[in-house]
Amino acid sequence: MSAPTLRNLLSLAMPMVLARASQSLITLADALQTKHLGPEAIASVATGGLNVIGFATLGMGTVFIVQSFVSQHVGRGERDATPRYAWYGLAIALLAQLVALGFLPVIEPALRFIGYAPVVRVEMSSYMDIRLCSIAAVIGVETLGAWYGGLGNTWMQMVAGIVSMVTAIFLNWVLIDGHLGAPAMGVAGAALAATIATWVGFLILAVSFWRRWGMAIGGPAPARDRPLALSLREFGRVVRFGMPNGLNWFVEFAAFQLFVNVVFGGLGPQTLAAFNVVLAINTLGFMPAFGLASAGAILAGQAIGAGAKENVWPTVRLTLMCTLGWMALVGAVYAIAPHFLLSAFASDKTTRAFLDLGATLLLISAIWQLFDATAMTLSETLRAAGDTTWGAIVRALLAWGVFTPVALGVVRVGGYGAVEAMLCLVGYLALLAAAFAWRFKSGRWRSIQLIEPTLL
């Protein structure tokens, strides 16, 4: 197997970049299309959306291992063995939906316990109740997108993502303020729009998978007449390697949710809204970098499956150059025009203090993005190799043993504000990047066997 080239990486990454960017634009559109309702609405939609993704994160991270299994089978020339991994992921999506529905009765009491202002609590609870009905679709999209990506076709998830984005923006216009005869639903309308759009994206991928569309890129399509040969043992293997990856995502996201809900939530609706606007902007920079890192992981997984582990480091080096270069470019834009970016979220209810605080937080986020790009690229490569348990343990230790108590201490005990809280986040991501760099350099991933030596 030949060494990776920039063309190989970008041809895989560009559709993933657009797919991830379309997800980010849905969050951005929610904030933009509710800004006229005031900072409370922005806080309810943005923070509520993060909380919903938190429910899906464990399942999303678990099924993302499908990409690793599929890419290694492709590297071994075993494309016909891959469809069953999609079914394993869809089974996990269904289980996750049932769990999410069980949490509906506790959403409002939990928000009350955290101490949100009454208006924010009521609107956020309504938003989350509706959005939680799309958890299976969120994880299903991740499953089928990972499956197609492992085959080398990253375009399918891009198409589904763009259709979802357009659908969400249009339905926001219809449902938030009431157009085309629809009732004006406000924040609940944004939630319903996002839920419908997510299911539309999933159905596009599900029908494509069922009809075997888009499977012949990079090689022959998996045979349709071959028995699936589903196996509880193999499903257990997917869970064994996928669950640590899911925990990897979940423990960090859970710490981040606590950071948003408790640390920033306690600083008042305007500060919380400013932070969420910065996150919405920042996500546009993060998601393309994640697409690049995932594309690099596909190439790394295929190299491992083909027995060409010597090509993994050149792949990582190339991917790091791209992700860091992108994040540096985004950071430069933040530094040059922070108020211009934030002005898109301004309304007649926006104060100058809101814009000034948002500009400061945006500049700090430019620093964390560089550490985030490094950690993301290395952790994705380790995931492609099946090295998932170590990452979950390290994230848990750093997120809950260092980041969370320090951030809480700085704000709740020390009495400091948003800037100091953001600096805690920067420090956490710097430690995480250093930890993953050490793990990759150790070479432990070389001895891990993700897929069985022979087909079941």
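Tutor: α2 (39–63), α4 (83–102), α5 (107–114) and α10 (232–264) each supply at least two residues of the largest pocket's lining; helices are DSSP runs of H or I with at least four residues, numbered from the N terminus. This is a predicted model, where local features need pLDDT of at least 70, side-chain atom pairs count only at pLDDT 80 or more, and totals for chains, interfaces and linings use all residues. Residues are numbered from 1 along each chain as its sequence is written, and side-chain values use heavy atoms, with hydrogens and water left out.

Student: Which helix gives the most to the lining of the largest pocket?

Tutor: The lining comprises 24 residues, with Gly54, Phe55, Val99, Phe103 and Phe250 nearest the pocket's centre. Here a pocket is an open set of points on a 1 Å grid over the protein atoms alone, where a 1.4 Å probe fits, with protein on both sides within 12 Å along at least five of seven lines; lining residues have an atom within 4 Å of a point. With six residues, the top contributor is α2.

Student: Is Arg212 buried or exposed?

Tutor: Arg212 lies in the loop between α9 and α10, and its phi is near 65°, a positive value in a residue other than glycine. Buried means under 20% relative accessible area and exposed over 50%, with a 1.4 Å probe and protein chains only. Because its relative accessibility is 18%, Arg212 counts as buried.
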